[in-house]
Amino acid sequence: MVFRPSRLLLKYFLPVFLLLFAMGGCNRLRPKPSVEYVYVVAKETFLRDRVAAVSNRVANVTNGQRLAVVEKGRRFLKVKTDKGEVGWIEEHGVIDQNTYQQFADLAKQHANDPVIATAVLRDDLYLHVSPGRQSDRFYLLPESDKLQMLVRASMPKATPPQAVPTVSKKAVKTDPPKPGDKPAASAAPTAPEPPPLEDWWLVRDGQGRVGWMLSRRLDVDVPDAIAGYAEGQRIVGAYPLTTVNDPESSFPNGQVSEYVTVMSPYKDGLPYDFDQVRIFTWNLRKHRYETAYRQRNLQGYLPVKVGTQNFDKIGTVPVFSLKTATDDTIAIDPATGAARPANLTTLTFRLEGAIVRKVEPPGAAPPAPPPATGAPAQSKKAGKHHAVRARHHKH
């Protein structure tokens, strides 16, 4: 016996079967929603099994770890680790994918920037995505980490509320003016003082992570042998120029480095990177460092470039160059707020033994000789009389 569906069955149930089949096929073809990720900001924290005053720890997570978002709560996120551990974490303890991408773009943008100087981190400190205490932070770098310094910027320092002076609401009692008194002169309005500034450095660590951090938390890597010659100034950078051999010195294998250093006052928010350049050479007889050259009152900007160059008659010698501003025109970087002069000139010097000489650019006119010092110039008559006496004395 062969079963044949009736027309009534085909009429009413076949459309339902076709609709269910179509819905199932659409669900299989529909792409799955992309997974949303967040990244741990805290140095170390944990996931809890529920959002309550009393909860159990599910897993430990550390700074930089990626977590997949499973569910969103009011102030908590339910997340999943790469190991499959699921738990709740506070929302302010993580950053979203957009902020993480900003740090990734920052590292890519400055991957090949020249290194101005190296520094050591005093204690654990976060990298910020832009200069400023209120900007987003992410990577936590450990104490004593070696960092490469790339760019300096100065930002207004945030003033705590308790430091803002308050004006008393009490009215000051003044005596009523007497007949015949002259009206008191109104005080001239005073311009508000600019907010204090603090310096930030764009740095890069050994893993290639890039971000901004406070300058005062960094110690510039300066050789101990010349650090004591700073004379109250801050050594911004110390760059080896050449080495000399002194077997009686305490340096390894008797090889002593000679340095060009740039210095600045211990003050944030300066419109320049350094205002003094100083060359330290080694005295082979006294076995100590001495200042071979010093120039003050500069408006200098990093980086300082060091190398060698060949010159006629003297051969190949160490050279260094630095940049100074030619006028007061300032250009502001809209992304970071870093101020830099719009017009710069490059000064180049060479080291000949213990003597530093300025290298003039090609085509430049030779510098004018210094004016003669000593006895005043003689008149033409006195000069002629002196020549006659010289001829008479000769004969």
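Begin by selecting strand β10, residues 137–141: four of its five residues are buried, so the strand is largely enclosed by the rest of the structure. Buried here means under 20% relative accessible area, exposed over 50%, and partly exposed in between, with a 1.4 Å probe and protein chains only. Strands (E, at least two residues) and helices (H or I, at least four) are DSSP runs, numbered from the N terminus. The model is a predicted one, in which local features need pLDDT of at least 70 and side-chain atom pairs count only at pLDDT 80 or more, while totals for chains, interfaces and linings use all residues. Residues are numbered from 1 along each chain as its sequence is written, and side-chain values use heavy atoms, with hydrogens and water left out.

Two strands pair if DSSP finds at least two bridges between them. Within this pairing, H128 has R137 of β10 as its bridge partner. R137 also lies over the face of Y126, at 4.1 Å from the ring centre; a charge sits over a ring if NZ of Lys or CZ of Arg is within 6 Å of the ring centre and within 35 degrees of the ring normal.

Now display the side chains of Y39 and F138, both of which are buried. Their ring centres are 6.2 Å apart and their planes stand at 70 degrees, so the pair is edge-to-face. Rings of Phe, Tyr and Trp (its six-membered ring) pair if their centres lie within 6.5 Å; planes under 30 degrees apart count as stacked, over 60 as edge-to-face and the rest as tilted. Because Y39 lies in strand β1 (residues 37–40) and F138 in strand β10, the pair ties together parts that are 99 residues apart in sequence.

Then move to the open sheet of four strands, ordered β15-β16-β17-β18 with antiparallel pairing. Its edge strands, β15 (234–245) and β18 (288–295), each pair on one side only. Inside the sheet, five bridges join β16 (residues 255–264) to β17 (residues 276–283), and Y259 stands opposite F280 in β17.

Finally, select Y289, which is buried with a relative accessible area of 5%, and F251, which counts as partly exposed at 24% relative accessibility.
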